[in-house]
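Subject: Structure handover

Hello,

Here is the structure I said I would pass on. Please open it before reading the notes that follow.

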Amino acid sequence: MKILFLNFSDCPENVHFECAFAAACRKSGINLETICDIENNSFYYSVLEGAKDVSLRKKYGGMKDFKSVPFGEYDCAFILDFPKRKKCLAPLLWFMKNAPIPKIFALNHLLFAQGDNYSCDMARRTKIFSRADIFCRLEYDGKFSWQECGIPKKLILKRKYAIDTSFYGYAGYEGDYLFSAGSAGRDFETLEKCAQDFKTKLIILSDLRPPATTGTAEYLVFSANTQKVRELIAGSSLVILPIKKEHKNEAAGNSVIFMAMSMGKLVLTKRTGYMEKYIKDGENGFFYRSCRRDELREKIKKILKMPASEKRAVSK
């Protein structure tokens with residue numbers, strides 16, 4: 001059996017998913033070939049750790065080159081997520097409409113709300129899932145109208161979110177700065193003001209434009225620093241997800257929070273029904289109810305002033 005794997009979303013989670021998928025194919029005797037849009041191949045191979053699980057891995061090189069791929073030679077295609085870069089949207093839409101093979105489309109991120117992601121908006125407009133034979137969504141996407149993107153031909157599957165706990169291994173609770181990451185629904189301006197109150201260094205990894213505040217936080221472009229996520233989490237004393245009150249996605253920030261928890265870091269995020277499934281307040285993480293400056297400041301103050309023994313207990 002021969003599978004084509006399309007990974008047009010350049011992010012750590014999808015690299016880990018691809019590597020796990022490749023390992024499973026190797027164990028099953030399946031020939032796997034990948035077309036990707038991963039800018040940092042050194043990060044990919046640091047995850048893969050030398051295993052030769054992918055028979056062929058090729059970077060997307062434009063529509064002309066993409067259309068020349070002999071798609072009919074594959075038994076099926078596995079498409080992972082929506083593209084992050086607009087340049088990869090055209091090949092995805094063309095492939096879903098024209099490639100003459102069965103297609104499995106799997107989300108590895110929660111479905112974006114209208115206006116948060118151009119590729120997802122186009123998926124709604126073109127009903128892209130209706131071109132798939134099988135569609136695999138994440139568990140919390142049942143709360144959203146993913147049906148707006150079309151109904152698959154044969155089967156809908158649901159799965160839990162997962163991270164690579166070996167790669168994001170225990171690093172201890174100690175660190176030198178506050179850390180946050182993400183884009184949709186984040187209130188970085190309030191978080192930055194809290195960091196100013198404590199005169200504490202704050203590093204933010206995001207593709208959002210920095211807010212017009214005093215500029216004391218260090219902003220890094222997420223899409224250009226995917227290979228640094230583990231390093232940045234490891235150096236932090238507290239990972240904070242400042243989620244706006246009006247943001248409806250209860251699982252917002254779950255990837256960063258779960259990576260940090262796997263590494264033994266203290267985490268602070270919004271209390272939601274989804275997050276309460278995985279975090280016990282004060283036992284393995286912390287919650288706030290509203291991302292107001294006064295509440296967030298008091299939560300951060302309380303956590304930072306905890307005795308080392310209590311921090312260690314939460315960390316483990």
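Does K127 count as buried, exposed or partly exposed? K127 counts as partly exposed, because its relative accessibility is 39%, which falls between the 20% under which a residue is buried and the 50% over which it is exposed. Keep in mind throughout that this is a predicted model.

Most residues other than glycine have a negative phi. K127 is found in the loop between α5 (118-126) and β6 (134-138). K199 is another case: its phi is positive, about 50°, and it is not a glycine either. This residue sits in the loop between α6 (188-198) and β9 (202-206). K199 is exposed, with a relative accessible area of 78%.

Next, the sheet. Seven strands form an open sheet in the order β3-β2-β1-β4-β5-β6-β7, and their pairing is parallel. At the edges are β3 (56-59) and β7 (155-159), each of which pairs on one side only. On average, neighbouring strands of this sheet are turned by 15° against each other, direction ignored. Strands of a sheet pair through backbone hydrogen bonds.

Helix α1 (residues 12-27) lies across β1 (2-7), β2 (31-36), β3, β4 and β7, and runs at about 175° to β1. The helix has 16 residues and reaches 23 Å from its first C-alpha to its last, close to the 22 Å expected at 1.5 Å a residue. Twelve of those 16 residues are buried, so α1 is largely enclosed by the rest of the structure. Among the buried ones are P12, V15, F17, F21 and C25. After α1 comes G29, with a positive phi near 75°.

Now the nonpolar cores. The largest has 53 residues, and F179, L268 and I300 have the most contacts inside it. Helix α8 (residues 254-262) gives the most to this core, with five residues. What is L268 in contact with, leaving aside its neighbours within four places in sequence? Its partners include L238, V239, I240, L241, F286, F287, Y288 and I300. Apart from this core lies another, of 29 residues, among them F66, A77, F82 and A123.

Last, the cysteines. How many disulfides does a search of the whole structure find? It finds zero. A disulfide is a covalent bond between the sulfur atoms of two cysteines, and the cut-off used here is 2.5 Å between the sulfur atoms. The sulfur of C149 is 4.8 Å from the closest cysteine sulfur, in C120, so the two are too far apart for a bond. C149 is buried, with a relative accessible area of 0%. For C291, the closest cysteine sulfur is in C194, at 7.4 Å, which is also too far for a bond. C291 counts as buried because its relative accessibility is 10%.

Regards

Technical notes
Residues are numbered from 1 along each chain as its sequence is written. This is a predicted model: local features need pLDDT of at least 70, side-chain atom pairs count only at pLDDT 80 or more; totals for chains, interfaces and linings use all residues. Side-chain values use heavy atoms; hydrogens and water are left out. Two strands pair if DSSP finds at least two bridges between them. Helices (H or I, at least four residues) and strands (E, at least two) are DSSP runs, numbered from the N terminus. Axes are lines fitted to C-alpha atoms, for helices over the stretch in contact, and angles run from 0 to 180 degrees between N-to-C directions. Contact means heavy atoms within 4.5 Å. A nonpolar core is a set of buried Ala, Val, Leu, Ile, Met, Phe, Trp, Tyr and Cys residues joined through side-chain atoms within 4.5 Å. Buried means under 20% relative accessible area, exposed over 50%, partly exposed in between (1.4 Å probe, protein chains only). The expected span of a helix is 1.5 Å times one less than its number of residues.
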